[in-house]
Amino acid sequence: MDTPFPDAPAIAGNAALAARDLRHVWHPCTQMHDHESIPMVPIVRGEGAWLIDADGRRYLDGVSSWWTNIFGHANPRLAAALADQAQRLEHVIFAGFTHEPAIALAEELVRVTPPGLERVFYADNGSAAVEVALKMSFHYWLNRGRGEKTRFIALTGSYHGETLGALSVSDVALYRKTYAPLLLTPILAPSPDAYEGEPGETPAQVAARRLEELRAQLERHAHETCAVIVEPLVQCAGGMRMHHPDYLSGLRRLCDEFDVHFIADEIAVGFGRTGTLFACEQASVAPDFMCLSKGLTGGTLPLSAVLTTEAVYAAFYAEYNAGKAFLHSHSYTGNPLACRVALETLAIFRDEPVLERNRVLAAHLAQRLAPLRDHPHVADVRQTGMIAAVELVADKRTRTPWPATERRGMRVYLHGLEHRALLRPLGNVVYFMPPYVVSTDDIDHLVTVAIAGIERAVA
Ligand SMILES: Cc1ncc(COP(=O)(O)O)c(C=O)c1O
């Protein structure tokens, strides 16, 4: 077979590729030293929910490759759209010039997102979308003569990306702690995370209590606050912590009352992940800014979008010398290939009963995970749509977590690799976020491997 890599050895199995990788490549979210003992897995092909390595071993992608590949790998519709667009226009400067894929995608995004979101600003990854939303919110207030609003309220346990602005409004110590001296200081409001509720408290009661606490913070800080930023329904990187939709409707009311923006970061939860196309729908709310990425292109190309209201747009719309224009530009803004693939992603949602199918798959996943509730080292099994999570603890009664240094989740990961599954626990949380193209048999496989991995991890 022809190879696009002319200098590559004729036979490149896992060992050869891994050795070449480790000679020059520096991977994200990785202590590279780990690879002295943990295998680097070179993937050569994808087929639906499965990944195939250079030795021909198959892995069920239980995490949709960092939550992006909602329709699996090598999806024929997305591949065909990409190939077609590549023959026409791969890229064009997006200032002063435009193109049909970006225009049509903006029209479609406005159509499918909650009412009131009318304006679409493109960027090229999730963190960049968060940067755009933060800057746009700040700049809106500045243009309205409220330059004293310079701060953001974020929730404890939140994750919004790892560029400096996005990391500033994130509260996962693993990512934030080292870089804290470089960051803005957010106002942290307690997360409505149902797992952290008082004994006997329902998720709705936790949400109500947390809203009261947020109200108290807004009473103190609204005058200096641009926006509250949240991950609607599920705080993903923070451990798949879930909350009641009432929190979002209450948040909308508080933001209106206190004159601050509501930024919904749907980068991980958007595009059907929580059971509705967007998580905000479950609370019937429209935010002032909605950040989208990941599933937007089904994992084919990096792209993000920030949707906002006509009112926000109007605050920037002025004669040039008024100096009110929004300034945030990336070279690849509105890339035609990415926009065209995103349009195809939305077309799949339109043409196929994706959400209906997901309901069946989610119910099956719930049923298969239910027995874990009785496990002596499982404190919680929770699920929102196509996200399910199992919280491992050292002591079930006191909910004492295993120390992070024991890396129990890593043991589940390694067990998965040995048994044809890509499971990538977040610390002590084993989670499932599979592509929507999994079969019920695939789910059975994933859960069987996870349970055996959990037994090994807690032994
Ligand atoms: C909720 C949320 N926001 C933002 C991001 C950052 O996106 P990216 O990794 O594309 O920068 C992530 C990534 O996991 C995320 O989960």
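Q: By about how much of the helix are Arg88 and Asp84 separated in helix α3 (residues 76-88)?
A: In this predicted model, the side chains of Arg88 and Asp84 meet in a salt bridge, with 2.9 Å from N to O. Both residues belong to helix α3, where they are four residues apart. The separation is therefore about one helical turn.

Q: Is Arg88 buried or exposed?
A: Asp84, at 26%, counts as partly exposed. Arg88 has a relative accessible area of 61%, and the cut-off for an exposed residue is over 50%. Arg88 is therefore classed as exposed.

Q: How many residues apart in sequence are the parts tied together by Arg215 and Glu257?
A: The side chains of Arg215 and Glu257 meet in a salt bridge of 2.9 Å, N to O. Arg215 lies in helix α8 (residues 203-221), and Glu257 lies in helix α9 (residues 246-258). The pair therefore ties together parts whose separation in sequence is 42 residues.

Q: Is Arg382 buried or exposed?
A: Arg382 forms a salt bridge with Asp380 through their side chains, at 2.8 Å from N to O. Asp380, at 18% relative accessibility, counts as buried. The value for Arg382 is 8%, and a residue under 20% falls in the buried class. Arg382 is therefore buried.

Q: Over the ring of which residue does the charged end of Arg382 sit?
A: Arg382 takes part in a network of salt bridges that links Asp193, Glu196, Arg241, Asp380, Arg382 and Glu391. The charged end of Arg382 also lies over an aromatic ring, 5.4 Å from the ring centre. That ring belongs to Tyr195.

Q: How far from the ring centre of Trp141 does Lys149 lie?
A: A charge over a ring is also found for a lysine and a tryptophan. Lys149 is placed over the face of Trp141. The distance from the ring centre is 4.5 Å.

Q: What is the angle between the planes of Phe271 and Phe278?
A: The whole structure contains 11 aromatic pairs. One of them joins Phe271 and Phe278, with 5.3 Å from centre to centre. Both residues are buried. The pair is edge-to-face, with an angle between the planes of 70°.

Q: Which residues do ring pairs link into a cluster?
A: Phe271 and Phe278 form an aromatic pair, and both also belong to a cluster held by ring pairs. The members of that cluster are Phe71, Phe271, Phe278, Phe349 and Tyr436.

Q: Why is the pair of Phe316 and Phe326 edge-to-face?
A: The ring centres of Phe316 and Phe326 are 5.8 Å apart. Both residues lie in the loop between α10 (310-314) and α11 (336-351), so the pair ties together parts that are 10 residues apart in sequence. Phe316 and Phe326 are both buried. The pair is edge-to-face because the planes stand at 85°.

Q: Which residue of β3 is the bridge partner of Ile52?
A: In strand β2 (residues 50-53), Trp50 and Ile52 point one way, Leu51 and Asp53 point the other way, and all are buried. An antiparallel pairing over three bridges joins β2 to strand β3 (residues 58-61). This hairpin has four residues between its strands, and Gly56 in the turn has a positive phi of about 85°. The partner of Ile52 in β3 is Arg58.

Q: Which cysteine holds the closest cysteine sulfur to that of Cys339?
A: The structure holds zero disulfides. Cys339 is buried, at 0% relative accessibility. Its closest cysteine sulfur is 16 Å away, which is too far for a bond, and belongs to Cys291.

Methods
Residues are numbered from 1 along each chain as its sequence is written. This is a predicted model: local features need pLDDT of at least 70, side-chain atom pairs count only at pLDDT 80 or more; totals for chains, interfaces and linings use all residues. Side-chain values use heavy atoms; hydrogens and water are left out. Rings of Phe, Tyr and Trp (its six-membered ring) pair if their centres lie within 6.5 Å; planes under 30 degrees apart count as stacked, over 60 as edge-to-face and the rest as tilted. Buried means under 20% relative accessible area, exposed over 50%, partly exposed in between (1.4 Å probe, protein chains only). Helices (H or I, at least four residues) and strands (E, at least two) are DSSP runs, numbered from the N terminus. A charge sits over a ring if NZ of Lys or CZ of Arg is within 6 Å of the ring centre and within 35 degrees of the ring normal. Two strands pair if DSSP finds at least two bridges between them. A salt bridge is a side-chain nitrogen of Lys or Arg within 4 Å of a carboxyl oxygen of Asp or Glu. A disulfide is a pair of cysteine sulfur atoms within 2.5 Å.
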